[in-house]
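User: I would like to go through this model and ask how each label is reached. Please set the values against the definitions.

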Amino acid sequence: MYARNDMPISFPGLFGEWEFNPSPVAIPFGNGIYWYGIIICLGLVLAVLFCSRRAKDYGLTEDNVYDMIVWQIPLCIIGARLYYVIFYLDLYRDADGGLNWGRMAAVWDGGLAIYGGIITAFFVLLAFCRKRKLSFGAFADLGVMGLFIGQAVGRWGNFMNREAFGGETTLPWRMRLWTSATEYIEVHPTFLYESLWNLAGLALLYFAISKVRTFDGECACFYFIWYGLGRTWIEGLRTDSLYLFGWTLFGQPIRVSQLLSVALAAAALVVLIVNKQRHPRGRAALFVTRQAALAAEKKESPVSEEK
């Protein structure tokens with residue numbers, strides 16, 4: 001199902017006849033500056049500011065965060081676009097079956113997949129930490145809080161575009177969208193489900209998990225388990241899923257995000273269990289603890305006198 005982006009949005013079960021009719025284009029300049037892009041940028045800025053402020057809790061510095069994000073932003077956009085294009089490859093073919101490279105590169109026409117960005121972010125962070133001799137696990141623990149923030153905010157860009165919604169429902173919080181000038185559908189507001197799910201994950205991570213972590217990477221494990229479970233549920237409600245080519249399982253097409261969510265959540269759970277057994281309590285194994293010990297050593301070491 002596709003909704004028109006020039007028709008109003010409403011929540012009749014909550015607000016009656018009240019309607020909201022935003023244009024997806026915030027500033028009509030060039031190809032247009034879309035609310036989607038502005039909201040994504042807002043999520044990114046909030047995520048970076050949060051992570052830079054909390055960097056010291058993980059043995060890192062603000063400069064580490066800013067240096068890393070310079071690499072992350074362009075490469076993650078490329079990764080998110082590649083992921084989308086690979087699974088929607090037929091949309092980028094010409095009449096003769098050849099690939100239209102220009103359309104593939106036209107990010108401004110839409111088509112980014114969050115998992116493509118997350119996978120790219122993983123490898124970029126791994127390379128960055130090896131280069132700078134930083135703990136990948138500690139940086140990942142910090143970074144996933146930024147991911148929760150960015151995703152919670154960014155999903156509102158889907159709202160402005162009238163996209164990424166679920167199947168039809170009669171629940172009180174159903175969202176009404178118009179498919180033509182005279183016909184509408186009332187659907188699950190899955191953008192809202194995922195935004196709230198990410199906010200709940202951030203709260204659990206910030207107020208609980210991060211306070212009791214015993215190994216670097218523990219928060220990252222929680223992120224993949226929490227987000228994976230939520231995305232598996234929410235993806236099953238959506239009507240615009242990416243499918244795994246033409247493959248089926250038990251007679252049903254395989255949704256790429258559901259499959260990947262289950263796989264990542266399962267892998268994260270194994271990593272969490274194994275490392276919790278190795279480091280059952282205390283913070284001695286954490287990168288921030290080791291960095292604090294090194295700093296104390298340097299401070300206490302006697303300075304040789306010049307002769």
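User: Why is Cys41 called partly exposed?

Analyst: Its relative accessibility is 46%. Buried means under 20% relative accessible area, exposed means over 50%, and partly exposed is in between, with a 1.4 Å probe and protein chains only. Cys41, at 46%, therefore counts as partly exposed. This is a predicted model, in which local features need pLDDT of at least 70 and side-chain atom pairs count only at pLDDT 80 or more, while totals for chains, interfaces and linings use all residues. Residues are numbered from 1 along each chain as its sequence is written, and side-chain values use heavy atoms, with hydrogens and water left out.

User: How do you know that Cys41 is in no disulfide?

Analyst: A disulfide is a covalent bond between the sulfur atoms of two cysteines. Here the term is given to a pair of cysteine sulfur atoms within 2.5 Å, and the count by this rule is 0 disulfides. For Cys41, the nearest cysteine sulfur belongs to Cys76 and is 14 Å away.

User: Why is the pair of Trp197 and Trp226 called stacked?

Analyst: Rings of Phe, Tyr and Trp (its six-membered ring) pair if their centres lie within 6.5 Å; planes under 30 degrees apart count as stacked, over 60 as edge-to-face and the rest as tilted. There are 22 aromatic pairs in the structure. In the pair of Trp197 and Trp226 the centres are 4.2 Å apart and the planes are at 15 degrees, so the pair is stacked.

User: What parts does this pair tie together?

Analyst: Trp197 lies in helix H7 (residues 190-212) and Trp226 in helix H8 (residues 218-235), so the pair ties together parts 29 residues apart in sequence. Helices (H or I, at least four residues) and strands (E, at least two) are DSSP runs, numbered from the N terminus. Trp197 is partly exposed, with 23% relative accessibility, whereas Trp226 is buried, with 18%.

User: What makes the pair of Tyr206 and Phe207 edge-to-face?

Analyst: Their planes are at 85 degrees, and their rings are 4.9 Å apart, centre to centre. Tyr206 is partly exposed at 24% relative accessibility, while Phe207, at 62%, is exposed.

User: How do you know that Lys211 lies over the face of Tyr206?

Analyst: A charge sits over a ring if NZ of Lys or CZ of Arg is within 6 Å of the ring centre and within 35 degrees of the ring normal. Lys211 is at 5.2 Å from the ring centre of Tyr206. The charged end of Arg176 sits over the ring of Tyr184, at 4.1 Å from its centre.

User: Which residues touch the most other members of the largest nonpolar core?

Analyst: A nonpolar core is a set of buried Ala, Val, Leu, Ile, Met, Phe, Trp, Tyr and Cys residues joined through side-chain atoms within 4.5 Å. The largest one has 48 residues, and Leu60, Phe139 and Leu142 touch the most other members. H8 gives the largest share of this core, 9 residues. Contact means heavy atoms within 4.5 Å; leaving out residues up to four places away in sequence, Leu60 touches Ala55, Leu134, Ala138, Phe139, Leu142 and Phe287. Another core of 13 residues lies apart from it, and Ile39, Met160, Ile185 and Phe191 are among its members.

User: Why is H8 called largely enclosed by the rest of the structure?

Analyst: Of its 18 residues, 15 are buried, so H8 is largely enclosed. H8 reaches 25 Å from its first C-alpha to its last, close to the 26 Å expected at 1.5 Å a residue. The expected span is 1.5 Å times one less than the number of residues.

User: Is His188 buried or exposed?

Analyst: His188 has 13% relative accessibility and therefore counts as buried. Its place is in the loop between strand E6 (184-187) and H7. Not counting residues up to four places away in sequence, the contacts of His188 include Phe165, Glu168, Tyr193 and Leu237.

User: What makes Leu99 partly exposed?

Analyst: The relative accessible area of Leu99 is 30%, so Leu99 is partly exposed. Leu99 is in the loop between H3 and helix H4 (101-105). Across the protein, 43% of the 307 residues count as buried.
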